[in-house]
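Visitor: Could you show me how to read a model like this one, feature by feature?

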Amino acid sequence: RYCVDTNTNDAFAVKVIDRKRIIDEGMEESLTNEITLMKMFNHRSVVAVKDMLVSPNRIFLVLDLMTDGNMRRKLSQERYLNEKDAIFYFKQFFAGVEYLHENGITHGNLRLENLLLHTNGNLRITDFR
């Protein structure tokens with residue numbers, strides 16, 4: 001979901017999570033770990049949690065807004081990257097992975113769908129379950 005901070009006009013994404021589904025699937029610990037990690041992140045190549053709201057039925061995570069899909073979508077549309085673009089994305093990817101490793105975090109699910117893109121061209125790593 002798309003949201004805007006009415007005080008600053010900054011745009012964010014809101015991930016809405018069904019609490020019942022998380023409990024039914026036994027994912028409470030995994031989700032708690034993901035949220036804890038993402039709240040700690042402060043790097044240009046890693047998606048961060050900006051805020052969290054909890055209701056009896058849902059959890060709302062306010063995240064960096066990444067408006068241009070993911071790397072899988074980009075590659076399926078363009079079929080390949082030219083060398084200049086590949087270097088641009090790999091630099092951001094490796095900077096994000098280096099940041100995670102420096103902070104003792106190993107991403108267990110690195111794949112194209114978890115590399116999100118912003119309209120300004122920047123790449124960010126997400127999904128830390």
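**Strands, a helix and a core**

Guide: Helices (H or I, at least four residues) and strands (E, at least two) are DSSP runs, numbered from the N terminus. This is a predicted model, where local features need pLDDT of at least 70 and side-chain atom pairs count only at pLDDT 80 or more, while totals for chains, interfaces and linings use all residues. Residues are numbered from 1 along each chain as its sequence is written, and side-chain values use heavy atoms, with hydrogens and water left out.

Visitor: Which strands pair with strand 4, and in which sense?

Guide: Two strands pair if DSSP finds at least two bridges between them. Strand 3 (residues 49–54) pairs with strand 4 in the antiparallel sense over five bridges, and the two form a hairpin with three residues between them. Strand 2 (residues 11–18) also pairs with strand 4 in the antiparallel sense, over seven bridges; there, K15 stands opposite L61.

Visitor: Is strand 4 mostly covered or uncovered?

Guide: Buried means under 20% relative accessible area, exposed over 50%, and partly exposed in between (1.4 Å probe, protein chains only). Strand 4 (residues 58–64) is mostly covered, with five of its seven residues buried.

Visitor: Which residues touch the most other members of the largest nonpolar core?

Guide: A nonpolar core is a set of buried Ala, Val, Leu, Ile, Met, Phe, Trp, Tyr and Cys residues joined through side-chain atoms within 4.5 Å. In the largest one, with 29 residues, F41 and L100 touch the most other members. Helix 4 gives the most to this core, with five residues. Contact means heavy atoms within 4.5 Å. Leaving aside neighbours within four places in sequence, L100 is in contact with F41, V46, I105, H107, I125 and F128.

Visitor: What is the phi of N9, and where is N9 found?

Guide: N9 is not a glycine, yet its phi is positive, about 65 degrees. N9 is found in the loop between strand 1 (2–4) and strand 2. N9 counts as exposed because its relative accessibility is 62%. R79 also has a positive phi, near 70 degrees, in a residue other than glycine. R79 is found in the loop between helix 3 and helix 4.
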